[in-house]
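Visitor: Please show me the model, and then let us go through some of its local features one by one.

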Amino acid sequence: MRLGKNQRQHRIAEILRQESVSSQDHLVELLTDQGVAVTQATVSRDLDDLGAVKVPTGGGSVYAIPELPSEQVAPDDHLKRVLGEWVVAVGCSHNLVVLNTPPGSAHVVGSAIDRSAVHGVLGTVAGDDTVLVVATEDVGGPLVAADFRSLAGLTEEESS
(Lines give C-alpha, C1' and ligand atoms only; values in the text may rest on other atoms or scores of the structure.)
Protein backbone atom coordinates (compact mmCIF):
# COMPACT_ATOMS: atom_id res chain seq x y z
CA MET A 1 0.00 0.00 0.00
CA ARG A 2 1.07 3.57 -0.61
CA LEU A 3 0.67 5.97 2.28
CA GLY A 4 0.64 9.74 2.17
CA LYS A 5 3.75 11.50 3.42
CA ASN A 6 2.33 12.36 6.86
CA GLN A 7 0.94 8.86 7.38
CA ARG A 8 4.23 7.27 6.29
CA GLN A 9 6.29 9.56 8.53
CA HIS A 10 4.00 8.79 11.46
CA ARG A 11 4.53 5.08 10.82
CA ILE A 12 8.32 5.59 10.65
CA ALA A 13 8.32 7.51 13.93
CA GLU A 14 6.37 4.67 15.59
CA ILE A 15 8.81 2.07 14.26
CA LEU A 16 11.80 4.05 15.53
CA ARG A 17 10.19 4.31 18.98
CA GLN A 18 9.58 0.56 19.14
CA GLU A 19 12.58 -0.99 17.40
CA SER A 20 16.30 -0.54 16.95
CA VAL A 21 16.79 0.46 13.33
CA SER A 22 20.42 0.69 12.27
CA SER A 23 20.05 1.41 8.55
CA GLN A 24 17.68 2.88 6.02
CA ASP A 25 17.51 -0.50 4.26
CA HIS A 26 16.38 -2.09 7.53
CA LEU A 27 13.67 0.56 7.86
CA VAL A 28 12.53 -0.11 4.28
CA GLU A 29 12.26 -3.83 5.18
CA LEU A 30 10.23 -3.09 8.32
CA LEU A 31 7.85 -0.86 6.36
CA THR A 32 7.56 -3.48 3.61
CA ASP A 33 6.70 -6.08 6.27
CA GLN A 34 3.82 -3.78 7.27
CA GLY A 35 2.67 -3.63 3.65
CA VAL A 36 3.99 -0.14 2.98
CA ALA A 37 5.59 0.33 -0.43
CA VAL A 38 8.55 2.71 -0.06
CA THR A 39 12.00 3.29 -1.53
CA GLN A 40 15.24 3.91 0.31
CA ALA A 41 15.37 7.43 -1.16
CA THR A 42 11.92 8.22 0.24
CA VAL A 43 12.90 6.83 3.64
CA SER A 44 16.02 8.98 3.56
CA ARG A 45 13.96 12.13 2.93
CA ASP A 46 11.43 11.13 5.59
CA LEU A 47 14.16 10.59 8.19
CA ASP A 48 15.57 14.01 7.32
CA ASP A 49 12.11 15.65 7.58
CA LEU A 50 11.55 14.00 10.96
CA GLY A 51 14.93 15.22 12.23
CA ALA A 52 16.08 11.66 12.87
CA VAL A 53 19.66 11.23 13.97
CA LYS A 54 21.91 8.23 14.48
CA VAL A 55 22.72 7.67 18.12
CA PRO A 56 25.41 5.34 19.41
CA THR A 57 24.42 2.16 21.22
CA GLY A 58 26.49 -0.62 22.74
CA GLY A 59 26.62 -2.47 19.45
CA GLY A 60 26.70 0.29 16.85
CA SER A 61 24.19 3.06 16.17
CA VAL A 62 20.45 3.35 15.57
CA TYR A 63 18.09 6.00 14.26
CA ALA A 64 16.19 8.08 16.80
CA ILE A 65 13.94 11.12 16.64
CA PRO A 66 14.84 13.64 19.33
CA GLU A 67 11.90 14.26 21.61
CA LEU A 68 10.68 17.80 22.04
CA PRO A 69 10.11 18.55 25.69
CA SER A 70 6.38 18.06 26.24
CA GLU A 71 6.39 20.64 28.98
CA GLN A 72 8.38 23.22 26.99
CA VAL A 73 6.73 26.59 27.48
CA ALA A 74 7.52 29.66 25.40
CA PRO A 75 8.77 32.75 27.26
CA ASP A 76 6.10 35.22 28.40
CA ASP A 77 7.30 37.98 26.08
CA HIS A 78 6.92 35.69 23.04
CA LEU A 79 3.13 35.60 23.36
CA LYS A 80 2.96 39.37 23.89
CA ARG A 81 5.12 39.97 20.81
CA VAL A 82 3.05 37.60 18.63
CA LEU A 83 -0.31 38.96 19.78
CA GLY A 84 0.89 42.55 19.44
CA GLU A 85 2.06 41.94 15.91
CA TRP A 86 -0.68 39.67 14.52
CA VAL A 87 -3.96 40.12 16.44
CA VAL A 88 -6.21 42.86 15.05
CA ALA A 89 -9.40 42.15 17.03
CA VAL A 90 -10.59 40.06 19.98
CA GLY A 91 -14.15 38.98 20.71
CA CYS A 92 -15.76 36.52 23.10
CA SER A 93 -18.92 34.64 23.96
CA HIS A 94 -19.24 32.59 27.15
CA ASN A 95 -16.15 30.37 27.16
CA LEU A 96 -15.13 31.06 23.54
CA VAL A 97 -12.69 33.73 22.42
CA VAL A 98 -12.17 34.70 18.78
CA LEU A 99 -8.92 36.36 17.69
CA ASN A 100 -8.81 37.94 14.24
CA THR A 101 -5.53 38.19 12.32
CA PRO A 102 -4.46 39.20 8.83
CA PRO A 103 -5.02 36.40 6.26
CA GLY A 104 -2.60 33.50 6.64
CA SER A 105 -1.50 34.43 10.17
CA ALA A 106 -3.87 32.59 12.49
CA HIS A 107 -1.66 29.50 12.82
CA VAL A 108 1.18 31.65 14.19
CA VAL A 109 -1.08 33.08 16.89
CA GLY A 110 -2.65 29.69 17.73
CA SER A 111 0.75 28.05 18.07
CA ALA A 112 2.04 30.84 20.31
CA ILE A 113 -0.98 30.48 22.60
CA ASP A 114 -0.63 26.69 22.70
CA ARG A 115 3.07 26.91 23.60
CA SER A 116 2.55 29.60 26.21
CA ALA A 117 0.34 27.58 28.56
CA VAL A 118 -2.02 30.50 29.19
CA HIS A 119 -4.06 30.03 32.36
CA GLY A 120 -7.70 29.38 31.56
CA VAL A 121 -7.13 28.14 27.99
CA LEU A 122 -8.13 24.59 27.05
CA GLY A 123 -6.94 24.84 23.47
CA THR A 124 -7.05 26.61 20.14
CA VAL A 125 -8.24 26.00 16.60
CA ALA A 126 -6.66 28.16 13.92
CA GLY A 127 -8.05 28.86 10.48
CA ASP A 128 -6.68 31.29 7.92
CA ASP A 129 -7.41 34.57 9.67
CA THR A 130 -9.25 33.48 12.82
CA VAL A 131 -8.22 31.66 15.99
CA LEU A 132 -10.90 30.10 18.16
CA VAL A 133 -9.75 29.80 21.77
CA VAL A 134 -11.71 27.64 24.18
CA ALA A 135 -11.51 28.94 27.75
CA THR A 136 -12.12 26.89 30.87
CA GLU A 137 -15.51 27.39 32.51
CA ASP A 138 -13.99 28.61 35.77
CA VAL A 139 -12.05 31.41 34.03
CA GLY A 140 -14.40 32.10 31.11
CA GLY A 141 -14.08 33.82 27.77
CA PRO A 142 -14.43 37.45 28.92
CA LEU A 143 -11.40 37.23 31.22
CA VAL A 144 -9.26 35.38 28.68
CA ALA A 145 -10.32 37.85 25.97
CA ALA A 146 -9.39 40.78 28.23
CA ASP A 147 -5.96 39.23 28.84
CA PHE A 148 -5.40 38.76 25.10
CA ARG A 149 -6.56 42.32 24.35
CA SER A 150 -4.11 43.64 26.91
CA LEU A 151 -1.24 41.57 25.53
CA ALA A 152 -2.09 42.66 21.97
CA GLY A 153 -2.27 46.32 23.00
CA LEU A 154 -5.92 46.64 21.97
CA THR A 155 -8.78 48.35 23.75
CA GLU A 156 -12.24 46.81 23.98
CA GLU A 157 -13.58 49.44 21.57
CA GLU A 158 -10.94 48.50 18.96
CA SER A 159 -11.90 44.85 19.21
CA SER A 160 -15.68 45.01 19.02
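Visitor: In which loop does Ala117 lie?
Guide: This is a predicted model, in which local features need pLDDT of at least 70 and side-chain atom pairs count only at pLDDT 80 or more, while totals for chains, interfaces and linings use all residues. Residues are numbered from 1 along each chain as its sequence is written, and side-chain values use heavy atoms, with hydrogens and water left out. Helices (H or I, at least four residues) and strands (E, at least two) are DSSP runs numbered from the N terminus. Ala117 lies in the loop between α5 (106–116) and β5 (121–126).

Visitor: What is the phi of Ala117, and is the residue buried or exposed?
Guide: Ala117 is not a glycine, yet its phi is positive, at about 50°. Buried means under 20% relative accessible area, exposed over 50%, and partly exposed in between (1.4 Å probe, protein chains only). The relative accessible area of Ala117 is 55%, so the residue is exposed.

Visitor: Where is His94, and is it buried or exposed?
Guide: His94 sits in the loop between β3 (89–93) and β4 (96–100). Its phi is near 55°, a positive value in a residue other than glycine. Because its relative accessibility is 68%, His94 counts as exposed.

Visitor: Which residue in β2 stands opposite Pro56?
Guide: Two strands pair if DSSP finds at least two bridges between them. Strands β1 (residues 53–57) and β2 (residues 60–64) run antiparallel and are joined by five bridges. A hairpin of two residues connects β1 to β2. Opposite Pro56 stands Ser61.

Visitor: Which residues does Ala64 touch, leaving out those up to four places away in sequence?
Guide: Ala64 is in strand β2, and its relative accessibility of 23% makes it partly exposed. Its C-alpha atom is separated by 17 Å from that of Glu29, 35 residues apart along the chain. Contact means heavy atoms within 4.5 Å. With residues up to four places away not counted, Ala64 touches Gly51, Ala52, Val53 and Val55.

Visitor: Why are the buried residues of α3 on the same side?
Guide: In helix α3 (residues 40–50), the buried residues are Thr42, Val43, Asp46 and Leu47. The arc is that of the directions from the helix axis to the C-beta atoms. They are on the same side of α3 because they cover an arc of only 135° around the axis.

Visitor: What covers the buried residues of α3, and which residues are exposed on the other side?
Guide: The cover over the buried residues of α3 includes α1 (5–18), α2 (24–33) and β2. Just after α3, Gly51 has a positive phi of about 75°. Exposed on the other side of the helix are Arg45 and Asp48.

Visitor: What is the phi of the glycine just after α6?
Guide: Within α6, Gly141, Val144, Ala145, Phe148, Arg149 and Ala152 are buried. They cover an arc of only 140° around the axis, so they lie on the same side of α6. Just after the helix, Gly153 takes a positive phi of about 75°.

Visitor: Which residues does His78 touch, not counting those up to four places away in sequence?
Guide: His78 is in helix α4 (residues 76–86). Its relative accessible area is 17%, so His78 is buried. Not counting residues up to four places away in sequence, it touches Ala112 and Arg115.
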